[in-house]
Amino acid sequence: MGNWVVNHWFSVLFLAVWFGLNVFLFVDAFLKYEKADKYYYTRKILGSTLACARASALCLNFNSMLILLPVCRNLLSFLRGTCSFCSRTLRKQLDHNLTFHKLVAYMICLHTAIHIIAHLFNFDCYSRSRQATDGSLASILSGLSHDEKKGGSWLNPIQSPNMTVKYVTFTSIAGLTGVIMTIALILMVTSATEFIRRSYFEVFWYTHHLFIFYILGLGIHGIGGIVRGQTEKSMKESHPCKCAESFEMWDDRDSHCKRPEFEGHPPESWKWILAPVILYICERILRFYRSQQKVVITKVVMHPSKVLELQMNKRGFSMEVGQYIFVNCPSISLLEWHPFTLTSAPEEDFFSIHIRAAGDWTENLIRAFEQQYSTIPRIEVDGPFGTASEDVFQYEVAVLVGAGIGVTPFASILKSIWYKFQCADHNLKTKKVGHAALNFDKATDILTGLKQKTSFGRPMWDNEFSKIATSHPKSVVGVFLCGPQILAKSLRKCCHRYSSLDPRKVQFYFNKENF
Amino acid sequence: MGQIEWAMWANEQALASGLILITGGIVATAGRFTQWYFGAYSIVAGVFVCLLEYPRGKRKKGSTMERCGQKYMTAVVKLFGPLTRNYYIRAVLHLLLSVPAGFLLATILGTACLAIASGIYLLAAVRGEQWTPIEPKPRERPQVGGTIKQPPSNPPPRPPAEARKKPSEEAAAAEGPSAGPQTNPIPVTDEIV
């Protein structure tokens, strides 16, 4: 538990601040629209759903501003580099950018639901009061003219009793953009579920570009000024506190109170999203620029189990252990970029990735490289990204567990340790490294070529942990996993079980990498 | 995009549409909007769509993640045979179900989403996909230590098992790791369980 707090306190704090801001903005906007005199007459028709809709709108603006930032991976790399004085634990939080992106997306979905439901009630209220003929305050307010000559100071957007809410929705900018944005959002969410993302990445990747419609729609959503409050001038002349009760006499010549006049809001969403949109455009331009830099493929190795190894060179490329790159192959697909962990060590004079056939793009890539007599396809590389897995070097004893293609980050680490030993690097604390590579076929240690024998088959973790605990009774042991969730659960349990209660004796710390 | 099974995405979209129809229907009925009876229809249609779409079909390639507790609905959906297996029928069904909800603003979003799901199902049907139920596998008792085999007796680089039988063509195709056998800078001990 203590280990978890030490590693995650910043995430918890960050999420608490984000959630707190959401709550604050919601409550603040809600109270403003619920209590302010400016909206007194609007509330007479709509009730509390006005405040609900505006509060969720503000939260939508806030979260739409945040959603683009975690996916600017070059910006995050820049932050990571400039904050090198910060502790690694802090910088590692930048690796959870996609988790934050998903959380913000869920919040957007929630507020979209609140916003739409509130506006459905609002439109229904407007429609009823437009059709009401009982001479109530609501019906008089609704009758205020849309005629531009009389100042255009209307309140009810439904101009005539025959107009349906559907007509108003689809002929107003707010309604139309709202529908388009919501459909884009729903399509983005359904194609981004874990199952679809992992099984059919292209569906997710292309559909997610519908965010362009979402952002554009959000920018112009408020142009129509449908949300209306009383003008300053009108409030001075006929304040609602004085005049609301005497609404039947507004048109009398000797009345102190005149008809109230209303104006709409200028749109404010664009102010929230302008900066992130510019940053994101810069990010895409930067990705394009980096992709145009020449990548030289120095070696291609086809391993068993349909694993392709590519060794490459690029001018100015420098990496650290455990980082990953995004790869694009224009001859297979112009727009798709796929992430791969680097399997080479920084000490080597090339960088390499191992690609397993796991879908359309990877299978096409492997097939393209298998053709021995045609030219090698051009590859574009963006990166490297991610916080370096330097943690491994801080532990005296490190246990690295990789399942399937999850062995790739550890290949880089193991090779780097080998090189560090070769150069007698004194910063290296690690004296002993055990690597369990779980492969499904009966094969070979294809990655590292080290003479250390790797165990085969599924280990019995209890045995392994107790052996390590007895042979290193006073050490701090770091356990690193790159693999499925089920394995993480059993390893975490073993770490707890075999860590001694005495802090001077053997302690197991569990670290999980997920790509 | 050769291997994409569109039906999987259509299924997610249809499930989401069902939930949106239910929500819109509840709002319209609870708020007693004009023509709220379309809202009541929308709730029923939404529930039906959710129940039909809850059991995920089996992927042609690779393993399929089941939804929690879907085996009960799988049994029911399986009973209808070709009516539920065929995606043309599903596409038409969803399109027809979505139309009445289009009369009400509160449920029109559900209409749009279900119509899109219907379109994706049509695409899936054209490509010859069909719904196959995920059958429960008999649980094998995990044998402790059963997967542990003897490690190979020769040091790396090791060609794969097939190459040891056919050295001529396999060895060329499956090149081992880059360098030759490497000398280790520190003594290496075997820890075989």
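Here is the tour, and keep in mind that the model is predicted.

**Stop one: where the chains pack.** Helix 9 of chain A makes a right-handed crossing with helix 1 of chain B.

**Stop two: a nonpolar patch.** Stay on chain B and pick Val76(B), Leu79(B), Phe80(B), Leu83(B), Tyr88(B), Ile89(B), Leu122(B) and Val126(B), which make a nonpolar surface patch of about 780 Å². Helix 3 (71–79), helix 5 (87–101) and helix 6 (105–126) of chain B each give at least two residues to the patch. Zoom in on Leu79(B) in helix 3 of chain B: Leu79(B) is exposed, with a relative accessible area of 71%.

**Stop three: a salt bridge in chain B.** Now show Glu53(B) and Arg90(B), whose closest N and O atoms are 3.3 Å apart in a salt bridge. Glu53(B) is in helix 2 (residues 37–53) of chain B and Arg90(B) in helix 5 of chain B, 37 residues apart. Are they buried or exposed? Glu53(B) is buried at 0% relative accessibility, and Arg90(B) is buried at 1%.

**Last stop: a network in chain A.** Select Arg73(A), Arg290(A) and Asp382(A), linked in a network of salt bridges. Between Asp382(A) and Arg290(A), the closest N and O atoms are 3.3 Å apart. Asp382(A) is buried, with a relative accessible area of 0%, while Arg290(A) is partly exposed at 21%.

Conventions: Residues are numbered from 1 along each chain as its sequence is written. Chains are lettered from A and ligands numbered from 1 in the order in which they are written. This is a predicted model: local features need pLDDT of at least 70, side-chain atom pairs count only at pLDDT 80 or more; totals for chains, interfaces and linings use all residues. Side-chain values use heavy atoms; hydrogens and water are left out. Patches are made of residues with over 30% relative accessible area and no salt bridge: like charges are joined within 9 Å, nonpolar side chains (Val, Leu, Ile, Met, Phe, Trp, Tyr) within 5 Å. Accessible areas come from the Shrake-Rupley method with a 1.4 Å probe; for residues, only the protein chains shown count as cover. A salt bridge is a side-chain nitrogen of Lys or Arg within 4 Å of a carboxyl oxygen of Asp or Glu. Helices (H or I, at least four residues) and strands (E, at least two) are DSSP runs, numbered from the N terminus. Buried means under 20% relative accessible area, exposed over 50%, partly exposed in between (1.4 Å probe, protein chains only). A crossing is left-handed if the near helix is turned anticlockwise from the far one by less than a right angle, and right-handed if clockwise.
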